[in-house]
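The sequence and structure come first.

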Amino acid sequence: MSVCPHCQAPVVEGLLFCEECGGPLVPVVEDMYTTSFTGQLSVLASRATLTLEGPGRWLLGRGRGTASLQGATFIDLSPYGAYMEGVSRRHALLEISPEGRAYLTDLDSSNGTWVDHIRLQPHRPFPLPATARIRLGRMVLQWQHLSP
Amino acid sequence: MSAKDFIDFYELLGLPPNASREDIERAFRTLARQYHPDLNPDPEAQERFRLLVQARETLLDTKRRALYDQQWRHIRGRTFHPAPDQAEEPTIPIPEAPEAPAKTTTPETAPILEQEWYVETLYSRPGPVENRVPQRFYALTRWRPPAPPTREPDRPLFLCLVVDRSTSMQGRSLQILRRILSQVLPTLSHQDIVALIAFDDRAELLVPPRPGNAPLVLQVLMRLRPQGATEFMPPLRMARELLERRPRSTLPWLLFFTDGRAYDQPVVLEWLPTLQKEHILIDAFGLGTEWDEAFLERLATSTGGTVTYIHAYDEGAKALQERLVRLRRAYVFAAFLEWELPPEIQVRTIVRMAPDIGYYPSGHNTIALGPLMPGEWWQILWEWDIVHPLPLHHRIHLRSTIRAHLPDGRVWSHTRDFERPVVTAEDVRSYTPAREVIDAVQRLSWHRLQEKARKALRERRPRKAQHYLQALAHHLTRAGEIQMAETVRQELNVLRDRATLTAEGEKRLEYGTRRLLLPILRRRNAV
């Protein structure tokens, strides 16, 4: 296209927003700034499933009341045998950003965190693909992006 | 002692073997109340009480406890099941090598975990379109150096406050400055070193650098009387001398406060490479409306710092406090990004969006990235102009290198080659870039719109300026940026009434739209 569909001003090839009126030249999701990211975390061995709606932060760990992180909802994995599976009290942080991207950060856990066989470096947010196999110590979780 | 004669004191007290003395005391007191002979006539209770006393005596005595624990481990160790809530999870020997090869994803979005640097690049298109000139192309890069091997303790800071005390600072500007620093200086520790330099057309070292002298600096500031004209070179030179002599483990941080301009600005700009070489971080604070944006911008960005517009005291304080916390934990003090571009590409804009904002002047091929705290990364938005028509089977190659300087003098260097194929118009017709790219470029476009509005005003075209501001307000509202949209509408009203903007209005537009480049969570605390 060589003119802006909103204001008819000529536009340079490759522009994403018109420089005269600021209108988008690529499809911009209308609700880009509203929060409707849903993901699902399942504990494979027990088939338990959690649906998480973003944006938000969730601390994956074990032991009610002994672990916390400001601004994050605590997900206690001890009912699923977290202790024997080597899950630390503060094992990993799952974040869904307002821009709609999911990240997993290992919180320097004793036994490590893996995403699809890639071991995470501590404190480095790792972007999660739409489907991923997450391992906390020996506990395997399945991550699935549901919508949008 | 045989296993069956052995009395497990920990079990008796209901505690794990690594219980603290407080835990033991507390447990004893609670149980003693239950089993004390005066309160409990049951003969079994008496026996129990006797054992509790014995337990307490043994476990609260260091030597006796050590001996007891040895026995305990010998007799009980193998059968111990700690309460999972309290215990450390067992360390499971897990092989270092991955069990299966990593899944490959499209090269455009997969983060590359090469050599421990985390580098990720997103583009506006799979590649530039063949034979189209002029053409715009965007790239969003994220860089993070290897994390420090051990969690390091917070570093003491060496702050050099350089404060304008010229006559114009009288009144509101100095008041705001005092309020900001009176909120921030008390949060410094006795290990932080602060120096205060005040300047008009000369520079004066009002408080020499010493650990723990933040309260003194605040006192002196409260008594400061504005006078004189303004020159920037003397105080900056003095600051540099002080910073050269700082303890090597501290981060050299120069905070520059001014409300106006100085005739020796060009001299300062020429001298900047010296400060750059010494990795001095300069954060510039503009008070009021008369200061030179372009100059403070150059001053700050050449060292990887940031410019803050202060028109209300509470905003400045929050931003400064947040920065203090970040700089204490910085594990990279200074970093430089340099690149080589092929002749067909020119950099139109380069903006640092994370961890804080920097608008770099064009025309160089090196920029200072500033310090980094663990967990942060540098995010750069590039806007390129393709200036030569490109044939279809061509590939564009760029090479960029980051040099990260660590406090102990080491330099970590990482070179990354970017490569993109030239594509057909058909290939990009329905292509949508990644959300982050769209988001970043959109924010840049907002900043551009107000720039265009102000430029139109300078060209005496107030109607055109209105058009741009109207478009800006509209897009900000749709994007949910209500506060900034409101600011823009206010300025639009002023513009309609007076065919001009106030100086303060211009600064609010400029720095308000800049602030929107920060990721949302950080923006709440920043100016």
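In chain B, a hairpin of 3 residues connects S4(B) to S5(B). Strand S4 (residues 193-199) and strand S5 (residues 203-211) of chain B run antiparallel and are joined by 6 bridges; two strands count as paired if DSSP finds at least two bridges between them. Within this pair, B:Ile197 stands opposite B:Leu205 in S5(B). Helices (H or I, at least four residues) and strands (E, at least two) are DSSP runs, numbered from the N terminus.

The model is predicted: local features need pLDDT of at least 70, side-chain atom pairs count only at pLDDT 80 or more, and totals for chains, interfaces and linings use all residues. Residues are numbered from 1 along each chain as its sequence is written, while chains are lettered from A and ligands numbered from 1 in the order in which they are written.

An open sheet of 5 strands has the order S1-S2-S13-S10-S11 (chain B), with antiparallel pairing. Its edge strands, each pairing on one side only, are strand S1 (118-123) and strand S11 (358-359) of chain B. S1(B) pairs with strand S2 (residues 135-144) of chain B over 6 bridges in the antiparallel sense, and B:Val119 stands opposite B:Trp143 in S2(B). H12(B) lies across S1, S2, strand S10 (345-354) and strand S13 (378-386) of chain B, at about 110° to S2(B). For such angles, axes are lines fitted to C-alpha atoms, for helices over the stretch in contact, and the angles run from 0 to 180 degrees between N-to-C directions.

**Cores**

A nonpolar core is a set of buried Ala, Val, Leu, Ile, Met, Phe, Trp, Tyr and Cys residues joined through C-beta atoms within 7 Å. A residue is buried if 20 or more other C-beta atoms lie within 10 Å of its own, exposed if 12 or fewer, and partly exposed in between, with C-beta atoms placed from the backbone. The largest nonpolar core has 123 residues, and those touching the most other members are B:Cys160, B:Leu161, B:Val162, B:Ile197, B:Trp253 and B:Leu254. Helix H12 (residues 435-458) of chain B supplies the largest share of this core, 9 residues. Another core, of 26 residues, lies apart from it and includes A:Leu77, A:Val115, A:Leu136 and A:Leu141.

Not counting residues up to four places away in sequence, B:Val162 touches residues including B:Ile197, B:Phe199, B:Leu236 and B:Phe257; contact requires C-beta atoms, placed from the backbone, within 7 Å.

**Chain A**

Chain A has 0 helices and 11 strands. Of its 148 residues, 39% are buried. Among its contacts with a separation of 6 or more, 37% are between residues 24 or more positions apart.

**Backbone details**

Most residues other than glycine have a negative phi, and most peptide bonds are trans. The exceptions below include two cis bonds and two positive phi angles.

| Site | Angle |
|---|---|
| B:Val133 to B:Pro134, cis | omega near -5° |
| B:Ala354 to B:Pro355, cis | omega about -5° |
| A:His123 | phi about 60° |
| B:Asn131 | phi about 55° |

B:Pro134 is in the loop between S1 and S2 of chain B, and B:Asn131 is found in the loop between S1 and S2 of chain B. B:Asn131 is partly exposed because 14 other C-beta atoms lie within 10 Å. B:Pro355 lies in the loop between S10 and S11 of chain B.

Definitions and conventions: Contact = placed C-beta atoms within 7 Å.
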